[in-house]
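Welcome to this short tour of a protein model. Please have a look at the sequence and the structure below, and then read on.

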Amino acid sequence: MKKLLVFIVAAMTLMAMLLTGCGGGEQKAAEKVLKVGTEPSFAPFEFQKEGSKELTGFDIDLIKAVCKQAGYKAEISSMGFDALIPAIMSGNLDIAVSGMTITEERKKKVTFSDPYYTSGLIIMVNKDNNEIKSIKDLEGKRIAVQIGTTGEAKGRSVKNAKVTAFNNNVEAAMELKNKGVDAVINDAPVAEYYLATGGNATAKLVGEVMEAEEYGFAVKKDSKLAGELNKALNTLKKNGEYDKIYKTWFGEKKK
């Protein structure tokens, strides 16, 4: 009887351990966390809330909604813009979302989702600068850009220009304010947001928006995740959730 009792207790303990293990596995599977990377100095797309470590912005709201629609939870971390694609390629990130323009060069290294936003480049100068009015006027001038961006590529295409690449847009804008450079080349909505939130006291935009650019979510090359993100994004566009997020950051969507 004593041996039987010991056997029953041991069997029940083993059963409990197995059940606990199964339950833990189900819980882990249910969480389905995706590691999302961003460079949070690209307002209004991604930036840190004032007085907080929490990230906010159009990209942040959108990727959270897209991941939720696809059945995932987005776990967002910050890193340098030029480190995002290498982190995707190495598997340290599942998704990069950072106002990243879809380019042929980048498509050789990662797979992009469908475009979720159309942008373009613009020139920003100090308010007292009446000499620079277009990209042609930047020849031989000092230009600030963010490292690894299409703005940097555009700046380096300007004849005889001295291009300085900064880690983020905040540093580039500060260099312009301090008159260490003659102009900044940046994404139009980012430059517009900078001016609207106080930058217009010292800076202004000149010329036309250059080269329409489409932003996309970057994932590992040939990953099936791109298809899941596309499906979720399409659903959000159909059910009105995308428009709600857009309106929060940019006002009514242009038709």
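In which sense do strands β9 and β10 pair, and over how many bridges? Strand β9 (residues 142-146) pairs with β10 in the parallel sense, over five bridges. Keep in mind that this is a predicted model, in which local features need pLDDT of at least 70 and side-chain atom pairs count only at pLDDT 80 or more, while totals for chains, interfaces and linings use all residues. Residues are numbered from 1 along each chain as its sequence is written, and side-chain values use heavy atoms, with hydrogens and water left out.

**The chain as a whole**

- The protein chain has nine helices and 13 strands; helices (H or I, at least four residues) and strands (E, at least two) are DSSP runs, numbered from the N terminus.
- Of its 255 residues, 44% count as buried, where buried means under 20% relative accessible area, exposed means over 50%, and partly exposed lies in between (1.4 Å probe, protein chains only).
- Among the contacts with a separation of 6 or more, 70% come from residues 24 or more positions apart; a contact means heavy atoms within 4.5 Å.

**The five-stranded sheet**

- Five strands form an open sheet with mixed pairing, in the order β10-β9-β11-β8-β12; two strands pair if DSSP finds at least two bridges between them.
- The edges are held by β10 (162-166) and β12 (203-215), and each has a single partner strand, so one side of each is left without a neighbour in the sheet.
- From one strand to the next, the twist averages 25°; axes are lines fitted to C-alpha atoms, for helices over the stretch in contact, and angles run from 0 to 180 degrees between N-to-C directions.
- Strands of a sheet pair through backbone hydrogen bonds, and the pairing is either parallel or antiparallel.
- V145 has A165 of β10 as its bridge partner.
- β9 and β11 run parallel and are joined by two bridges, with V184 in β11 as the bridge partner of A144.
- β8 and β11 pair in the antiparallel sense over four bridges, and V184 in β11 is the bridge partner of M124.
- Why is β11 described as largely enclosed by the rest of the structure? Five of the five residues of β11 are buried, so this strand is largely enclosed.

- Within α7, the residues A188, P189, V190, A191 and L195 are buried.
- These buried residues of α7 pack against β2 (41-42), β8, β11, β12 and α9 (241-250).
- After α7 comes G198, which has a positive phi near 120°.

**Two loop residues**

- G57 sits in the loop between β4 (55-56) and α2 (58-69).
- Is G57 buried or exposed? G57 counts as buried because its relative accessibility is 0%.
- Not counting residues up to four places away in sequence, G57 touches P44, F45, E46, F47 and W249.
- The C-alpha atoms of G57 and F42 are separated by 8.7 Å, and these residues are 15 residues apart along the chain.
- S113 lies in the loop between β7 (110-112) and β8, and S113 is buried too, with a relative accessible area of 5%.
- Leaving aside neighbours within four places in sequence, S113 is in contact with I102, G216, F217 and N230.

**Cavities inside**

- How many cavities of 30 Å³ or more does the structure hold? The structure holds two; on a 1 Å grid over the protein atoms alone, a cavity is a set of points where a 1.4 Å probe fits but cannot get out, and lining residues have an atom within 4 Å of a point.
- About 80 Å³ of space lies in the largest cavity; grid points are joined across faces, edges and corners, and a volume is the space filled by probe spheres set on the points.
- Residues lining the largest cavity include E39, F42, R106 and D187.
- The second largest cavity has a volume of about 30 Å³, and β11 gives the most to its lining, with three residues.
- Among the residues lining the second largest cavity are Q146, N169, I185, N186 and D187.

Key. 1 Å grid on protein atoms, 1.4 Å probe; cavity = no way out; pocket = protein on both sides within 12 Å on 5 of 7 lines; lining within 4 Å.
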